[in-house]
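Please keep the sequence and the structure at hand while reading.

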Amino acid sequence: MSTETPSAPAFRYVAVTFDCADPAELARFYGDMFGLPVTYSTDDFVFLGGDNGTAGLGFTRVPDYRRPTWPDPAQGKQAHLEVGVGDLDTAEAHLLARGAVKPDAQPQPERWRVLLDPAGHPFCITTLA
């Protein structure tokens, strides 16, 4: 009996996809934030990614999409991104001008800031990463 294990297939991280009501709107927001171009688009799905095969972000239309209500647990946040920045105040102002919203709840604003994207998904900006 052989003790060899078949080799595992190769896996690579490709993307995170966000549910939303308007994929084009959310793709514009994140495309501006990360400088990523649209590499695929339909009425119900938009994918942002680099030309060199780097990981990207997807946005898919959900007909009855319900915005997260963070920090209220009534409609969970589902997931969130941690985004590294050079300066919290500058990055925050830039993102707020482009449609982000800053909720009142800020657990450690000197270390990171919680913002909401145009579809209500929380994400954090931080100088720690």
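## Sheet, helices and cysteines

S5 and strand S7 (residues 122-126) are paired in the parallel sense over four bridges; two strands count as paired if DSSP finds at least two bridges between them. Helices (H or I, at least four residues) and strands (E, at least two) are DSSP runs, numbered from the N terminus. This is a predicted model, in which local features need pLDDT of at least 70 and side-chain atom pairs count only at pLDDT 80 or more, while totals for chains, interfaces and linings use all residues. Residues are numbered from 1 along each chain as its sequence is written, and side-chain values use heavy atoms, with hydrogens and water left out.

The open sheet has three strands in the order S5-S7-S6, and its pairing is mixed. Its edge strands are S5 (81-84) and S6 (112-116), each of which pairs on one side only. From one strand to the next, the twist averages 30 degrees.

Helix H1 (residues 23-34) packs on this sheet and touches S5 and S7, with its direction at about 35 degrees to that of S5. Contact means heavy atoms within 4.5 Å. Axes are lines fitted to C-alpha atoms, for helices over the stretch in contact, and angles run from 0 to 180 degrees between N-to-C directions. Helix H2 (residues 88-97) lies across S6 and S7 and runs at about 5 degrees to S6.

Glu 92 is part of helix H2. Leaving out residues up to four places away in sequence, Glu 92 touches Lys 102, Arg 113, Leu 115 and Ile 125.

Elsewhere, strand S2 (residues 38-41) pairs with strand S3 (residues 45-48) in the antiparallel sense over three bridges. The two form a hairpin with three residues between S2 and S3. Tyr 40 has Phe 47, in S3, as its bridge partner.

A search of the whole structure finds zero disulfides, a disulfide being a pair of cysteine sulfur atoms within 2.5 Å.

| Residue | Relative accessible area |
|---|---|
| Cys 20 | 1%, buried |
| Cys 124 | 6%, buried |
| Glu 92 | 11%, buried |

Methods:
Buried < 20%, exposed > 50% of the residue type's maximum accessible area, 1.4 Å probe, protein only.
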